[in-house]
Every structure is written in C-alpha cells, then in structure tokens.
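Thanks for coming. Please have the picture in view.

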Amino acid sequence: MDPLTAGRLRRSRLERLRDAQVRDASEIRRPAVPEPRPDRAQRLAADVDGEVLATSARPIVVLESRERIPRDLDGLAALPEPVDPARPFVLFDTETTGLGTGTGTLPFLVGLGTWEGDEFVTRQLLLPEQSDEDGYLDAFEALIPSDACLVSYNGRSFDWPLLVTRFRLHGRRPPAFGEHLDLLPLARALWKHRLPDARLASVESGVAGVRREHDLAGSLVPGRYLDYLRHGRGTLLRDVLEHNRQDVVSMALLLLVLSRDLAPVARSGRSSAAVHPGDLGGLGRAYARKRRHEEALACFDAAMERLLEPWEAQRYEAIAMDRARTLTRMGLREEAEGAWHAIALEGGRHAAWAWLHVAKHREHDHRDFRAALAATERARSLAERSRLFGHRDRHVERDLVRRVPRLRRRLGALAA
C-alpha cells in the first residue's frame, strides 16, 4: 500500500472516532458521587437504645445496664491464686470480627462490668465504624483504674492481647492495671469433672444456674457486625449486645460462687451442702499445684466427708489418692501410709498402685523388708489380674521390675 492510501485510511478512522464521540458535554455519564452519609453513631444509638458518647476523636455508642448482684468478694483472697478483694474489679469481655489476635481482628464491642455498691453495672462500648477506633480506645482506657483487678474468661490468651494490639497500632500504650484473674483455668480445674466442656455457656449453666433464652451463637457474631457495616442497620447487633452483656454478668456470678462457696473451705475445712464434692477435689488439686498443702488437705477432707454414695466410688478413690499424696508431701508419713493402705484394701482401680506406696513406706520408714515384699506381691497379683482382662498398668509393672528383686536381695542379705 502506497503512503497516500495509508494516510487516507488513517484519516477516515479518525473521522469515524470523532463522529462516535458525544458532542455535547452534558450527555457524558459521570459516576454517581455518594452523598455524605449521616452520622452512624447517632443512627446506631437509636437502633440499639444506646447513647452517643463524645470522645477526643469521633463519637461512639455506649449502653448501660444494672443488676442486683452483691459485692461479696472477700473469699477471693483465699483462692489458689489469691486476689485482693479491696481492688476495684473490672470484668470485661470482647466481641470481635475473628478469632485471631493479629492486626486483622477488630474488637468492635467491649463489655465492662463493675460494682457500684450492691449494684453490678455493665457498660458496653460499641464501635460505629473502624475509623472511630481511636476514640473508642479512649473510652475503654477511661474505665480501667490503674490498680484494677481485671477479670475475664480466656482474657489472658485472647481478649487482652487483642486489645493491646489495637492500642499499639494507634501508637499508644495499653492501660495499666493491678492484676488479672482469668476464670477459664479455674473453671477447668474445678468443674471439668461434671461439665461437658469449659465454655462459659456450659460453666454458667452448670455452676451458676444461668439459663439463656434465644442466645446468639458466638460463631455468628462476626457476621452480624460485617452485615451492619454493609447495610447500616444497627438492629442486627441487638442479639450481639445481649450475648455480650450476659457474658459479663455470668462472670460476676461465678466470682460469687468462688468467694462464697469454694474459697472458705480452705480456711474452715467445712463446706455447704450445695458444693459438689468433685468441685472440692478440684480446688484441692489447685492448692496442691501451688504447694499450699494445708489448704489442699482441708479441701480433700471436706470432699471425702461428702462422698458417701456407692456409685461415687471412683471419684472417692481419686480424691483419696490426692489426699494421700498431700500427706506424704507434708511429711506426715504414718498418716500417709494409713491413707494408702485404706485405698489398697478397698480394691479399686488403683489398688495395685496403692500397695506399692504401702511398700515404699514399709521399706523406707520402718525398714520392714518382709512386710514391704508382701505389699509388693499384692500389687503384682493385682497387676497380673488386670493384664489378663486387657488393662495393663505399665507404671506398676515397671516399678515391680525394680522393687521385687531389690527387696529379695535385702531379705537375703539379712538372712545371711
């Protein structure tokens, strides 16, 4: 194609493009610019029956509720991890957009509970938008006294580290506090024997008698907040707020159970009829792990006085063994030997192990090798019978491999 023809083709294409363009600028369809949306805090407060709280940054939403719960917390000073009851208590729980503690997880709701006289006041801080978080952190920090005792349920591992992350993202130091009582480890130690799991819903129902109706499942909470951000309907968060409020109130009720019913047992050695014997056994083990053997022994004694029914034999044996170990650690050797002997004579699941402990006391405390060997033979016969039924106790078998030849050698040496 010659240059003249090519130039004509290019000019014809340009002319067609010009004809296709819109000649009037008013006909150009520009993208719609959204109007400035109304203040979300005002709309959200109206939807959830809350109030707008002005902060140093943007406003947030606050809800307040009150319960008649007495502040009877003096017994907390006797817990395995003692808590100073004179401190101001702040019970807190968060609702988040996920289960991680990294920067992508946002705690959009924090419930904080404190006592004002005999009233338990729950204040819930709700985040209208993520851009309001700086003021939201201001409001949270203002509710944490520097000497406060924080109380949470799995807060040491999840809630508090997540809040610390949010403060650091804004270049701020997290609030100072006095101490932190996490109720989840206590719940596992005290109540796991009679509850299906250690979730707060299970513990509050089995221990404090809380019955929730139409409660929102925790797995649905993140989706509710994300739907609110998309559509702006604050009514979607009503169930989330009630779920969070009940979590905070349930922690207050659990504190009363610990303070009134369980902790005084370590001081007086007596428990009310409402306390489950297995709870006392769990409390005794918690004291034993802290090497507070006198308190542990008081709990085990109180539990064994209550275990009188025949169907509780297995739980009785477990608590009796914990009691015998505690006596040994306290240096009460004769009482410990009597405790182990009583367990052995009962012939329960751990009778062979108890006979070995009897043998240890006879060998080392009384230097009675013949009686020690007799106790060891009782343990061996029980271990052999268990093995025939397919229930091997390898710890007992390993102990027998060492103990029986040693005792026979010592008896032979004495005879010689």
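Let me start with helix α13, which covers residues 351–364 and so has 14 residues. From its first C-alpha to its last it reaches 20 Å, close to the 20 Å expected at 1.5 Å a residue. Keep in mind that this is a predicted model.

How many of the residues in α13 are buried? The count is 11 of 14, so the helix is mostly covered, taking buried as under 20% relative accessible area. Among them are the alanines A351, A352, A354 and A359. W355, L356 and V358 are buried as well. The list also includes H357, H361, R362 and E363.

As background, an α-helix has 3.6 residues a turn, so residues three or four places apart point the same way.

Stay with E363 for a moment. E363 has a relative accessible area of 1%, and therefore counts as buried. Which residue does E363 form a salt bridge with? The partner is R406, and the closest N and O atoms are 3.1 Å apart. E363 lies in helix α13 and R406 in helix α15, residues 394–415, so this pair ties together parts that are 43 residues apart in sequence. R406 is partly exposed, at 24% relative accessibility.

Elsewhere, salt bridges that share partners join E64, R66, E116, E119 and R123 into one network.

Now the overall count. A search of the whole structure finds 38 salt bridges. I will show two others.

One of them is between R172 and D138, with the closest N and O atoms 2.6 Å apart. R172 sits in the loop between α4 (155–169) and β7 (179–182), while D138 is in helix α3 (residues 133–142), so the pair ties together parts 34 residues apart in sequence. Is R172 buried or exposed? R172 counts as buried, because its relative accessibility is 17%. D138 has a relative accessible area of 24%, which makes D138 partly exposed.

The other joins the side chains of D197 and R199, at 3.4 Å from N to O. D197 is partly exposed, with 30% relative accessibility.

Last, the cysteines. A disulfide is a covalent bond between the sulfur atoms of two cysteines. How many disulfides are there here? The count comes to zero, with a cut-off of 2.5 Å between the sulfur atoms. C149 is buried, at 0% relative accessibility. C299 is buried too, with a relative accessible area of 0%.

That is what I have for today.

Terms used. Residues are numbered from 1 along each chain as its sequence is written. This is a predicted model: local features need pLDDT of at least 70, side-chain atom pairs count only at pLDDT 80 or more; totals for chains, interfaces and linings use all residues. Side-chain values use heavy atoms; hydrogens and water are left out. Buried means under 20% relative accessible area, exposed over 50%, partly exposed in between (1.4 Å probe, protein chains only). Helices (H or I, at least four residues) and strands (E, at least two) are DSSP runs, numbered from the N terminus. The expected span of a helix is 1.5 Å times one less than its number of residues. A salt bridge is a side-chain nitrogen of Lys or Arg within 4 Å of a carboxyl oxygen of Asp or Glu.
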